[in-house]
Amino acid sequence: MVLGKRQGLSSHRKMNRSSIYIFLNILKSWRIFWIVAGVFVTLSSFLICKNGSDPISVKDRFPGRAWTEPINLGESIPGIRGLTAKDCGGCHEDHYKEWKTSSHANAFSDLQFQAELSKPNSPQWLCLNCHIPLSGQRKQIATHLNDGDVFQPVLVSNEKFDPEWEKEGVSCGTCHLKSDSQGRTILIGPTGAKAPHSVEKNREALHARCNDCHNQDYKLNASLVCYFKTGDEYAESIHFPKADCVSCHMPSINRSVVLPSFLAEKRDSHRHTFIGGGVPKTFPLFDAQWNGYKSGLKIEEPRWSFIKNEIVRLNLILENSLAGHSVPTGDPERHLLIEAILQDADGKEVSKHISKIGQIWEWYPEAKLVGDNRIRSGEKRNIELTLNTGAGKKPTFGILRILHVRLTKENAEHIKKNSGRAPKEIGDKLKQIELHYPFANVFYESKTDLRTGKIRITSKEGLLFSSKRGNP
């Protein structure tokens with residue numbers, strides 16, 4: 001009796017379910033297929049919409065960073081024919097000639113930069129904002145980033161792109177031009193002197209412009225960082241605040257700032273060669289960039305001494321008394337190499353020791369600074385190197401050579417292997433980069449006679465000759 005009642009109840013529920021399925025009209029297999037497909041599409045759409053987001057403006061992605069977008073320039077300023085460096089050179093001829101020999105003028109054509117730009121993981125739009133920072137220099141301008149990702153820029157075609165302006169790299173307008181709140185182009189200068197064109201006096205803005213590119217520290221992803229801390233180093237230097245970047249890298253000379261036909265009086269005017277580490281972007285630029293070049297280090301005469309029959313010691317004192325930043329500064333790959341060499345009477349090498357001064361980075365799987373033995377501003381460092389001559393070898397001369405290295409041989413080989421990624425004209429040069437691009441310079445060299453202690457220090461002309469010979 002009880003069992004019967006239960007069977008009846010179960011049968012009733014089964015009938016109700018069947019009725020429901022019949023009512024929904026989904027018992028047939030083809031209808032089931034389309035319902036499942038519809039559910040799948042609905043869920044997929046939901047997930048896509050959930051994970052997607054509106055593009056983020058580059059200003060919001062990198063708030064307060066000057067390099068987030070190029071300097072937006074409108075129409076030219078009345079009184080001048082254009083905004084390119086060549087246009088400025090029509091009147092400011094000396095400044096233009098100086099600038100043409102600078103690393104700034106070669107910031108875009110720089111082969112090492114072009115090699116970096118051609119890498120598949122390069123956020124090109126962002127790198128270009130420092131190397132060609134004016135809107136007229138850009139074929140395309142990144143306004144937004146999809147999902148805030150630097151590798152997914154929203155690029156807008158630029159109708160005002162000037163390919164000749166692009167080649168000028170960091171040109172006059174990088175420092176002297178800006179836009180006001182109405183989008184009008186404003187020219188700024190250190191004095192606001194009278195000129196055929198309007199000029200706004202703003203010395204502070206000009207001097208502060210250096211830090212917009214040379215004092216940046218930002219991590220884009222695990223293995224890609226932007227790390228230039230020269231501005232911070234200056235703020236902690238022995239020269240702060242008496243002098244600044246312009247004081248050393250753009251020294252003043254008394255001259256006319258325009259063509260003689262203007263009959264303008266002479267006044268103090270900054271040189272626009274922007275002398276830096278003395279390693280130019282091309283070999284022909286060595287002569288111009290070594291005109292006024294001087295290392296930030298004071299180097300005392302080396303002291304060589306025999307410790308035992310097979311041991312020679314070199315004591316060297318380096319003092320960073322001239323630079324308002326660490327030596328070297330800038331690109332994390334820049335470093336100094338100290339070469340200590342022992343030679344016999346015939347000039348044959350007996351022993352050699354190489355010491356490195358610079359930053360040490362681990363790049364993979366995550367970029368991080370793991371060491372830094374650069375010489376800080378004001379620091380005086382005693383360096384001691386020991387060389388083993390080997391049994392029966394008697395050294396006669398001690399050679400000390402110090403180089404400023406910008407590109408290592410190992411990285412040059414890597415550039416060569418990936419040269420096919422670059423445009424053909426550039427790629428052909430990258431395949432033989434050692435012929436076109438100086439890796440380093442020699443800024444100190446001395447030869448000591450270990451028998452008499454007499455020291456011969458190589459002249460600046462001799463150092464320039466050695467540097468211009470090319471990469472060993």
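**Worked exercises on a predicted model**

The protein has an accessible surface of about 27,200 Å², and carbon and sulfur atoms hold 55% of that area. Areas come from the Shrake-Rupley method with a 1.4 Å probe; for residues, only the protein chains shown count as cover.

The model is predicted: local features need pLDDT of at least 70, side-chain atom pairs count only at pLDDT 80 or more, and totals for chains, interfaces and linings use all residues. Residues are numbered from 1 along each chain as its sequence is written, and side-chain values use heavy atoms, with hydrogens and water left out.

**Exercise 1. Describe the overall make-up.**

- Start with the elements: there are 18 helices and 20 strands. Helices (H or I, at least four residues) and strands (E, at least two) are DSSP runs, numbered from the N terminus.
- Next, burial. Of the 472 residues, 40% are buried. Buried means under 20% relative accessible area, exposed over 50%, partly exposed in between (1.4 Å probe, protein chains only).
- Last, contacts, meaning heavy atoms within 4.5 Å. Among contacts with a separation of 6 or more, 64% join residues 24 or more positions apart.

**Exercise 2. Is glutamine 289 buried or exposed, and what does it touch?**

- Locate it: glutamine 289 sits in helix 14 (residues 286-289).
- Check the area: glutamine 289 counts as buried because its relative accessibility is 6%.
- List its contacts: beyond four places in sequence, glutamine 289 touches Thr101, Ser102, Ser103, Ile275, Val279 and Pro280.
- Look at the polar atoms: one in the glutamine 289 side chain lies 2.9 Å from the backbone oxygen of threonine 101.

**Exercise 3. Which residues touch the most other members of the largest nonpolar core?**

- Define the core: buried Ala, Val, Leu, Ile, Met, Phe, Trp, Tyr and Cys residues joined through side-chain atoms within 4.5 Å.
- The largest has 35 residues; Trp304, Leu318, Ile338 and Ile402 touch the most other members.
- Elements giving two or more residues include strand 13 (311-320), strand 14 (335-343) and helix 18 (460-468). Strand 14 gives the most, with five residues.

Conventions. Polar contact = N/O pair within 3.5 Å; in protein donor to acceptor, adjacent residues only side chain to side chain.
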